[in-house]
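Dear colleague,

Here is the structure I said I would pass on. My notes on the charged pairs follow below it.

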Amino acid sequence: MTTTIALGDIPLGQPLPPTPHALCMSLPNWNQVVGLAEEEKTIMDAIVTGYPRTFIHHSLQKLIDICEQKFGHVGETCLIFPSRRSVELCRDFILRQAALANISAKVRTLQYPIHCGDSSSLDPNVPMSDTCSCLSEFHLAFFPNEVYEIARRFWKLHGLGISSRRAEHYLSFIETTQVKVSRSSPLRVRLLKSAQPQLPSPEEQNCCSFTAKEGAQAKIELRKRIAGYLVYPDADNCQGSSGTYSSVSESGSRINGEVVHRVTEEEVFLFPCGMAAIFNVHQLLLEVRAGQPSKSVVFGFPYMDTLKIAKTLGLGADFFGQGLDSDIDDLERMLAQGSTTNESSPPIFALITEFPSNPLLRVVNLPRLRALANKFNFLLVIDETVGSFANVNVLPFADIVITSLSKFMCGLANVGGGSLVLNPNGRHYATLKDRMTYMYEDIYFYGDAIVMERNSRDFLRRMSIINDNAEAICDFLHPRTIAGGAPSDFAVINQVLYPKYTSPTSYSRFQRPNGGYGGVFSLSFVSVAAAKAFYDALSCAKGPSFGYEFTLAIPYTILGHHDELDWAKEYGLDESLMRISAGVEEKGVLLRCFKVALEAADACVGVHSCSLGM
């Protein structure tokens, strides 16, 4: 690995890492994070890239400009999607949300065919012919400027838009005449300024020459790789019984009289990003419950967009934000009441939870949730992105496991991806598999799949280093916190939120034999001033994501919940909360980095650190 702590020197708003398809942007100091959250003009003008669901990549913007010039009407803008289904979902969302806001809106959808001269470059989602002439396509949603924010909400929450690599693929077959970009409407999709000149990595250069056939093979390899991580230990862990992890069963073998099936690639479905996987889980569950009014439960404080999308689908969602056993008690009472009074509330069709949660790293009681799912006949969906395939195995308690591959599996912050895995031993497996096979649409671009497959080849080795580094940093910080026993007069950190210290026994029940405590932890400070000093002095990369080969920090609450700080605080996210994702840098360098940051926080609030060694 070549990543160094120097990534902390990347200027505000520049790609992090400095590659053409970076998933992150640099936010070097606290005030800049606040400025981004408040959309200050000077900060927004400095941003050149960002996470694809939040920011429009310059290649995609170029494609949008061409399409608007060719097909757009006055007062319209557009977004681009890879399939008819995805563009129709966008149209329906805009019309529904506009009606709720009493806005009159008309949405036009268009198909844009592309004639290619070489079948090797054809989009894998369109059948290839044996001739040299072939056809690819993408789909456009045109809508009035007045509903742009609604359209972008769909783009952000559903994750179904085209990626930057797919945009470049389409651009390569379109006559790219000079397009004059209109600046007449502030609601128009922002044309992001180009970053400093960036050269593709050798992997990126090689990927450009790959074919759709090779992309299809990369998807098969990815699915097999994911299936191999999701082992099914023993029958005692089958759908909610207690037990410990032991030997892995073979497909169709009998353990304690039960047939236990291995996960194969047939149970693994790929998506462009993690949120697309989450959206498709909801679509699958609504399909299974067709004609039955239902809602979901979000259990534990999740990544913010997970909760938002759950509230927009079906009949909405009940939220149990603490994720504690007392919440399970409340949930059970609610379910029992609903089962005895048919009209008191609609039934629950699914419960969605994270393991551990982002950003509080809480470990929910999966056995109790599984028991409730069995008793009240709802599905249990577990997002294990923070824990990762390398460290935890939650499959025996889940009906569906979802993961943002954009994080630890990707590792290099240069490609998106998501996965949905059906538990072949789940009580609802046959129904879920039948409906998923019927409704699944593979819109994961082959170029992205190729990069993801390459990146993930050393996933387990990389995670081992990340685990060790995260644990070392937390071991250094924990005794210097109030929760770790440091006197309050000599501590600037309240607590290290990390499974090793917050829930070691509960976490260990799901820990893989060679797994660690994960690469993500959060810090709660005694004051915002202390957190700000710590963040500004931290010399690692800083930006809004996690799971990469470089250490990455962000003031999570300030950026993610800036407009709802009081609400977030009710669930344990105080304003000072900082999420940190460890990388593969040299351990000694990282520890010195955190020691300097801690000393800066000490100096800011006028305390002296406890005299503990490195």
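**Salt bridges and overall make-up**

Searching the whole structure gives 25 salt bridges. Please keep in mind that this is a predicted model.

For context, the protein contains 21 helices and 19 strands. Of its 614 residues, 58% are buried. The exposed surface comes to about 23,900 Å², with 51% of it supplied by carbon and sulfur atoms. Among contacts with a separation of 6 or more, 74% are between residues 24 or more positions apart.

D330 and R333 form a salt bridge, with their closest N and O atoms 2.3 Å apart. Both sit in helix α11 (residues 325–340), and because they are three residues apart there, about one helical turn separates them. D330 is partly exposed at 34% relative accessible area, while R333 is exposed at 53%.

D475 pairs with K500, the closest N and O atoms being 3.1 Å apart.

R91 is partly exposed with 24% relative accessibility, and D92 is partly exposed with 32%.

Finally, there is a network of salt bridges that links D329, E332, R368 and K375.

Regards

Notes:
Residues numbered from 1 in each chain as written. Predicted model: local features only at pLDDT ≥ 70, side-chain atom pairs only at ≥ 80, totals over all residues. Heavy atoms only, no water. Helix = DSSP H or I, 4+ residues; strand = E, 2+ residues; numbered from the N terminus. Buried < 20%, exposed > 50% of the residue type's maximum accessible area, 1.4 Å probe, protein only. Contact = heavy atoms within 4.5 Å. Areas by Shrake-Rupley, 256 points an atom, 1.4 Å probe, with all protein chains shown as cover. Salt bridge = Lys/Arg side-chain N within 4 Å of Asp/Glu carboxyl O.
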